[in-house]
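Colleague: I would like a close look at one part of this model. Please keep it brisk.

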Amino acid sequence: MMEISLDTNMFPQLRDGVRAHWAPVFFEPISGSYERFVVGVAAFNDQGFHLEWANQLDRLTCFYGANARGAISAIQIAGEYLQEDLVKRAGRAIGEPDPAVSGIAFGDTREAEGNSLEGIAQSWMAALSSLYQSGMAQNSRARELVEVAAETEGSGDRLPFLVCDYVKSKRVGFADFFSADLRENRQRRAKRNNQEPVIDFSGSRLVANFGTLKAASLPRSFELVKLRLWDLNTVQVRDKGSMAARNYEMILQRPAKDDPQVSDKQQNRLDEALKELEEQADEKQLRLRPLETYQQIGDHVLKAEAA
């Protein structure tokens, strides 16, 4: 049998076009399931990259109803971090992925040619994703999140680590209930490389995530708390039918009402954010518990787990 070897250079090429690699980005809402959505396409070459992201995420409401808000937040934050990772690592961000949130996966990398990196990414996104409409700019909410993420880059939430250290100082035996990254003081959340939900504390009576509502960067911290609610709900659903009766709580640190560094306007926004988070927690049959210090949070964990 004759073998024919084809060289892509033999085929006609766009006179002013560019050649690049591209890869789809998937969101998998159920870990281990085959269900997934195309939420982005990254196109990149030696000269740069372009990330085209889903701009019709509200369509997820048709699948998940009110619960779609958690999925939308997860997808938006995943896009922010991937954008930052592409700036830092270029193509390695796709070849050696390190996604920000659970449920994000990457497809195979392929070659393509087009008028521009943006054109390649947009054309493939239009062909592959039902959560995208050609010619539309990213919605204003996604832009706001990207801007806030850039302003706060590298300022990870230290609260879970402080709570872990405090509880361990009081009850050494509770250390194993905290996630490994907290026990070993490893930075995480900003970079993740698996599909499992983030759970900070998983005891015999209490399952909890910890988060901080920051007055100075409320939109960003608000979205991260919603992600942690999504993760808690994922574990709660998995645990249904088990013999263990555990409470599932999103425990927040919020500024004190009399904090002199927080203006009245910021306090009002914090109250509004808490109200919305409480509504989302109630929908998922989760408990939202706002406290003012990491010591108060640690004492609550000790009491709830020992009850």
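Why does alanine 90 count as partly exposed? And what does strand 8 pair with on either side?

Modeller: This is a predicted model, so local features need pLDDT of at least 70 and side-chain atom pairs pLDDT 80 or more, while totals for chains, interfaces and linings use all residues. Residues are numbered from 1 along each chain as its sequence is written, and side-chain values use heavy atoms, without hydrogens and water.

Alanine 90 first. Its relative accessibility is 40%, so it counts as partly exposed. The cut-offs are these: buried is under 20% relative accessible area, exposed is over 50%, and partly exposed lies in between (1.4 Å probe, protein chains only). Alanine 90 sits in the loop between helix 2 (68–89) and helix 3 (92–95). Helices (H or I, at least four residues) and strands (E, at least two) are DSSP runs, numbered from the N terminus. The phi of alanine 90 is near 55°, positive in a residue other than glycine.

Now strand 8, residues 247–253. Of its 7 residues, 5 are buried. The sheet is open, with 4 strands in the order 6-7-8-9 and mixed pairing. Strand 6 (201–202) and strand 9 are the edges; each has a single partner strand, so one side of each lacks a neighbour in the sheet. Pairing here takes at least two DSSP bridges between two strands.

On one side, strand 7 (residues 206–212) runs parallel to strand 8 over 7 bridges. Alanine 208 has glutamate 249 as its bridge partner in strand 8. Helix 6 (residues 159–170) packs on the sheet and touches strand 7 and strand 8; its direction makes about 130° with that of strand 7. Helix 8 (residues 218–239) also packs there, touching strand 7 and strand 8, and its direction makes about 170° with that of strand 8. Contact means heavy atoms within 4.5 Å. Axes are lines fitted to C-alpha atoms, for helices over the stretch in contact, and angles run from 0 to 180 degrees between N-to-C directions.

Leucine 252 of strand 8 stands opposite glycine 211. Leucine 252 also stands opposite proline 290 in strand 9. Strand 9 (residues 287–291) is parallel to strand 8, joined by 5 bridges. From strand 8 the chain passes through helix 9 (residues 264–283) to strand 9, a right-handed β-α-β crossover. Right-handed means that, with the strands pointing away from the viewer, the path from the first strand over the helix to the second runs clockwise.

Glutamine 285 lies in the loop between helix 9 and strand 9. Its phi is positive, about 60°, although it is not a glycine. At 62% relative accessibility, glutamine 285 counts as exposed.
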